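Here's a quick briefing to read alongside the coordinates. Have a look at the structure, then go through the notes by topic.

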Amino acid sequence: MKTGIKGIRRISAVAITAGAVLTAGAFAAPAQAATLPTPTITAQGGFVMNNGTGKTLFTKAADTRRSTGSTTKIMTARVVLAQPNLNLDSKVTVQKAYSDYIVNNNWASSARLIVGDKVTVRQLLYGLMLPSGCDAAYALADKFGTGSTRDARVKSFIGKMNSTAKSLGLTNTHFDSFDGIGRGANYSTPRDLTKLASSAMKYSTFRTVVKTKSTKQKVTTKSGGYRYMEWDNTNTLLGSYAGTIGVKTGSGPEAKYCLVFAATRNGKTVIGTVLASSSVPNRTADAKKLMDYGFKK
């Protein structure tokens, strides 16, 4: 069968046109990337963001106010570290009121401070954040509040916590205690607590303390001698989740089990919060899921 020149041109044109369509189609419709499934957590509230950009990565009832337990102590530390002319090596004498407070509050966790010992502000921050010492929180509030009585100083310190929350734009946060053992008006949200932790992490001392798994501190006794205080961090993510750099656990009859967490991998830091999880293992599992998700986003 003969094909004329016109026929050849026609066949070539069809082939070129078909090739162009195929080529254009290849560029116009690229394969879609698989959608990353959103994790399911047991906690009633959760929030995660990219700490470098502030971009939200995950939310679950992120703006619902809840009791915060000892995650409150992030603000306690934040207020202390923001004090003008702060001397971290200044010494505080442990008062009987601090140990009595532990005895009188069933949910109060303790740094086991001993009456009469002289401890530095830096050591109190370790006692506050690692074993979650309510006695250390009391000592810091007494030290950095203003007033002629201990009650006045504590009230003043809690006032500083609330004014700091306001200055940071934490509109769903309020404190009525220095340690999270609230009186009905101590609350925050996953979003607010994450923003608070992000602010606190700008202080090098805070970063150093909250990434510490355990510490042994030499303190001066009442008689002028010395003893060693040993504290372990209640945050089990340290050592169990690669890249963990903090931040703080919390629990209580109303708060259930809470965790503010942060980790850095390949130059990216994710930071977040879970509130009202159902158990210690579940809050840890929740945090790991959310960090895994955050690093992939």
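Numbering runs from 1 along each chain as its sequence is written, and side-chain values use heavy atoms, with hydrogens and water left out.

**Around N233**
- N233 sits in the loop between β6 (226-232) and β7 (244-252); helices (H or I, at least four residues) and strands (E, at least two) are DSSP runs, numbered from the N terminus.
- The N233 side chain also reaches the backbone nitrogen of N235, at 3.0 Å.
- N233 counts as buried because its relative accessibility is 11%, where buried is under 20% relative accessible area, exposed over 50% and partly exposed in between (1.4 Å probe, protein chains only).
- Beyond four places in sequence, the contacts (heavy atoms within 4.5 Å) of N233 are M129, L130, V209, V210, T212, K213 and L238.

**Helix α4**
- M129 is also one of the buried residues of α4, a helix spanning residues 121-129 with 8 of its 9 residues buried.

**Aromatic rings**
- There are 6 aromatic pairs, counted for Phe, Tyr and Trp (its six-membered ring) when centres lie within 6.5 Å; planes under 30 degrees apart are stacked, over 60 edge-to-face and the rest tilted.
- F58 and Y293 pair edge-to-face, at 6.4 Å centre to centre and 80 degrees between the planes.
- That pair bridges 235 residues, from F58 in strand β2 (residues 56-60) to Y293 in helix α9 (residues 280-296).
- Both F58 and Y293 are buried.

**Whole chain and confidence**
- The protein chain has 9 helices and 9 strands, and 50% of its 297 residues are buried.
- Mean pLDDT (the predictor's confidence in each residue, from 0 to 100) is 91, with 89% of residues at 70 or more.
- Residues 1-33 stay under 50, with 2 contacts beyond four places in sequence.
- Where pLDDT is low, the predicted coordinates should not be read in detail.

How values were computed: Polar contact = N/O pair within 3.5 Å; in protein donor to acceptor, adjacent residues only side chain to side chain.
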